[in-house]
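Dear colleague,

Please find the structure below. My notes on what was found in it follow.

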Number of protein chains: 2
Amino acid sequence: MAADTREKLRERSALLWDEQPRAARGPKPAVTREDVVRAAITIADADGLAALTMPAVAEKVGFTTMATYRYFPSKEALIDACVDTAMGSPPPRLGPHEGWRAEVRHWAYAKRAMLCARPWLAELPFVAAPHGPNWLSWHEAFLWTIAETGLPPEDMMDMLSIVHGYVSGSSDTAISLARATARGISTEEWAEAVGADLCHAINDPRYPILSAILTSKSGGITAASPLPTRAGRPRTMDESFDFGLERVLDGIELYINNARL
Amino acid sequence: MAADTREKLRERSALLWDEQPRAARGPKPAVTREDVVRAAITIADADGLAALTMPAVAEKVGFTTMATYRYFPSKEALIDACVDTAMGSPPPRLGPHEGWRAEVRHWAYAKRAMLCARPWLAELPFVAAPHGPNWLSWHEAFLWTIAETGLPPEDMMDMLSIVHGYVSGSSDTAISLARATARGISTEEWAEAVGADLCHAINDPRYPILSAILTSKSGGITAASPLPTRAGRPRTMDESFDFGLERVLDGIELYINNARL
DNA sequence: ACTTATCTGTGTATGCTGTACACAGAAACA
DNA sequence: TGTTTCTGTGTACAGCATACACAGATAAGT
């Protein structure tokens, strides 16, 4: 790795973690770094990550494009700060007597809700990007919920990886819908666009099972979920997430119970 | 949704699915669409998604930037094709007597390996993007493995969502490492960069549990895994993935067994 | 109070991107 | 032999991230 790259990463990380002392000389900045981040987040919330440009941020804040660079050395550094701020704090835990399973469920719901509320967060690749205080807080909150199980540290971390992985991975459809909604696309139009490609499978010999599922009476694309649902007991997108989460929690619970023996 | 947007999506989808008839008049194209896609994938493999620009693709193929637009109407459409091609075919199943659990495990490993082999795939957000033949094939392959359980269609689709979610979500660390490796960054350097931010938790009162784990004798950052491992039984990144997958499969198995009653 | 160092926001400029458009030549049909 | 239609090229433009130099503002040191 070029020393250049390493230095840049260190600088980005420092911007997230280290309070920089206020400059002694010179005029005071017109706004704070927090103001710039707030403006950037507002833009991303409204018009998506593609609209988050340095000129747009500058205009929102009220000064010239280049002035933004007085607050953040690069767009990457600004986005780092946006991510950590937009992530927010993890939810407060339910209570002391709820048990780890309810707490983990609570955490997972909150994480999913956070990702759907700010769908642009999921567009940012994890490229050894600096992780800030809030990112660590979410991890800490999960570890707290699982600590009562008495699992050894490496198991706790792996449980975090499981639940985090399931939540972020399985929410991509919901996030896609959220992104579409944020841009003024109706749920029906979104479902039509997503479902259109699935329909290519129908009657295609390469996809016998998918085709059977999609044409079975229990299959079908609904507005609430592009995945097949049974007429009598349709499972919405959120219900599918819940269903999957319970399976994951079952697996974790089984391990915990076995580990206690 | 603007009719414009919808039409563009339809065009992108058509490019993935519909064989366009060869033009009758005019000169024959110098290369094929597949050649263009191959060149683009080569660039992305070598230098990441950021290096995948229209000029770069054109130069690789051997003609002018604008000629690329004779093959794909937009960069988005080109990337659609790259994604589907780069994903490749799902692995052949193990055999008729291996059982669903071994088959699903096999599928999950293959999917993870595919994502790590082409880390730039994970950088592309799922924005109601068209899904091509290979994408459907991976789904079909999974459904095949789970079909023998006799679960109803909606359960099969949800199981797919669970495993797909876990695999893609929990592989982000491994993908990040793969991306770094592809760019010539050593594993040690990568681990140092990722671990640096975790270390901020140490002795910070906001992260008591994380701090305790990181400073415990079983904690520590190793080259193979930025997550804590126990000295006696270190769990590498891949082992953590396996461990988590087995928990997920346990949860699924429990449901299947209960459903059979 | 005056100098001087230093910081802020601005203006200008550069190289890169995706892509629109018009054109010249080539290939097949009439 | 036109005529049509498609391919690859050249030119052009708007928008992006960002480098650089500058003017004015500010506060520390004298």
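The two protein copies meet through the same surface, because 100% of the interface residues of chain A are also interface residues in chain B. Two residues are taken to be in contact if their C-beta atoms, placed from the backbone, lie within 7 Å. The model is a predicted one, in which local features need pLDDT of at least 70, side-chain atom pairs count only at pLDDT 80 or more, and totals for chains, interfaces and linings use all residues. Residues are numbered from 1 along each chain as its sequence is written, while chains are lettered from A and ligands numbered from 1 in the order in which they are written.

Symmetry

Two copies of a chain are related by a rotation about an axis and a shift along it.

Chain A and its interface

Chain A has eleven helices and zero strands; helices (H or I, at least four residues) and strands (E, at least two) are DSSP runs, numbered from the N terminus. Its C-alpha trace spans about 75 × 50 × 40 Å along the principal axes.

The contact between the chains takes 71 residues from chain A and 71 residues from chain B. On the side of chain A that touches chain B, α7(A) gives the most, with 14 residues. By class, that side has 38 nonpolar, 20 polar and 13 charged residues. In this classification Ala, Val, Leu, Ile, Met, Phe, Trp, Tyr, Cys and Pro count as nonpolar, Asp, Glu, Lys and Arg as charged, and the others, Gly among them, as polar.

Helix packing

Axes are lines fitted to C-alpha atoms, for helices over the stretch in contact, and angles run from 0 to 180 degrees between N-to-C directions. This crossing of α7(A) and α11(B) is right-handed; a crossing is left-handed if the near helix is turned anticlockwise from the far one by less than a right angle, and right-handed if clockwise. Asp158(A), Ser161(A), Ile162(A) and Gly165(A) of α7(A) meet Ser240(B), Phe243(B), Gly244(B), Arg247(B) and Val248(B) of α11(B). The classes in this contact are three nonpolar, four polar and two charged residues.

Within chain B, helix α5 (residues 100-117) and helix α6 (residues 133-147) pack at an angle of about 160°, with their axes 8 Å apart. α5(B) and α6(B) are therefore roughly antiparallel (angles under 35 degrees count as roughly parallel, over 145 as roughly antiparallel, 65 to 115 as roughly perpendicular and the rest as oblique). The crossing of α5(B) and α6(B) is left-handed. Residues making this contact include Trp100(B) and Trp107(B) of α5(B) and Trp138(B) and Phe142(B) of α6(B). Seven nonpolar, one polar and two charged residues take part in the contact of α5(B) with α6(B).

DNA surfaces

A residue is near a strand if its C-beta atom, placed from the backbone, lies within 6 Å of it. Of the 23 residues around DNA strand C, those that come nearest are Ala23(A), Gly26(A), Ala30(A), Phe63(A) and Thr64(A). The largest share of this surface, three residues, comes from helix α3 (residues 54-61) of chain B. The surface near DNA strand C divides into 13 nonpolar, six polar and four charged residues.

Around DNA strand D there are 23 residues, of which Ala23(B), Gly26(B), Ala30(B), Phe63(B) and Thr64(B) come nearest. The surface near DNA strand D divides into twelve nonpolar, six polar and five charged residues.

Yours sincerely
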